[in-house]
Amino acid sequence: MTLAWSESVDLDLYVTDPAQETVYFANSSTGTGGKLERDVACSGVAAAKPGGMLSESIRWERPPSGRYRVGVDFMEGCGSSTAEVTFRVAVDVGGRRKERVGKVAKGRFDPVVIEFDVPGELNDSRAVR
């Protein structure tokens, strides 16, 4: 799963797995194998090129079958007065991509931006990103 945005703010990606455990900045790995691969905080925002894309990502090498929920949080403005940010969430499951473009307001957590299911046979062979 990848969250991408271009404003100079700190957005956070959250993914809740079928075991109801959530991967995010404060829980960077789960018992089912989910791992936060890339996290952007205000220090990373400050180091990014102006107008460049920022992104966070979470991955499972062997995802358990079941329902996953992806959420987005506008954590911090990082000194910016931006009140709302457009983002894109992309999910790759077994070679198929699902995307959603949305907006999130400052101080607001959107717990279900996108949901998807991983079929039972996928967990043995292909990763979820």
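A salt bridge is a side-chain nitrogen of Lys or Arg within 4 Å of a carboxyl oxygen of Asp or Glu. The structure is a predicted model, in which local features need pLDDT of at least 70 and side-chain atom pairs count only at pLDDT 80 or more, while totals for chains, interfaces and linings use all residues. Residues are numbered from 1 along each chain as its sequence is written, and side-chain values use heavy atoms, with hydrogens and water left out.

**View 1. The salt bridge between E61 and R59.** By the rule above, the count of salt bridges comes to 6. In the pair shown here, the closest N and O atoms of E61 and R59 are 2.7 Å apart. R59 has a relative accessible area of 16% and is therefore buried (buried means under 20% relative accessible area, exposed over 50%, and partly exposed in between, with a 1.4 Å probe and protein chains only).

**View 2. The salt bridge between D117 and R67.** The side chains of these two residues meet at 2.7 Å, N to O. The pair links distant parts of the chain, 50 residues apart: D117 lies in strand β9 (residues 109–118) and R67 in strand β6 (residues 66–76). Strands (E, at least two residues) are DSSP runs, numbered from the N terminus. D117 is partly exposed, at 45% relative accessible area, and R67 is also partly exposed, at 40%.

**View 3. The network around R97 and E99.** R97 forms a salt bridge with E99, and their closest N and O atoms are 3.0 Å apart. Salt bridges that share partners join R88, D92, R97 and E99 into one network. R97 counts as exposed because its relative accessibility is 51%, whereas E99, at 38%, counts as partly exposed.

**View 4. D10, a buried residue without a salt bridge.** D10 belongs to strand β2 (residues 10–16). The nearest side chain of opposite charge, K106, is 11 Å away (Lys and Arg count as positive and Asp and Glu as negative; His and the chain ends are not counted). Leaving aside neighbours within four places in sequence, the residues in contact with D10 include V40, D73, F74 and C78; contact means heavy atoms within 4.5 Å.

**View 5. T22 and its polar contact with T16.** T22 is found in strand β3 (residues 22–23) and counts as partly exposed, at 21% relative accessibility. The side chains of T22 and T16 are joined by a polar contact of 2.7 Å. A polar contact is a pair of N or O atoms within 3.5 Å; within protein, one must be able to donate a hydrogen and the other to accept it, and residues adjacent in sequence count only if both atoms are side-chain atoms.

Note on methods
Helices (H or I, at least four residues) and strands (E, at least two) are DSSP runs, numbered from the N terminus.
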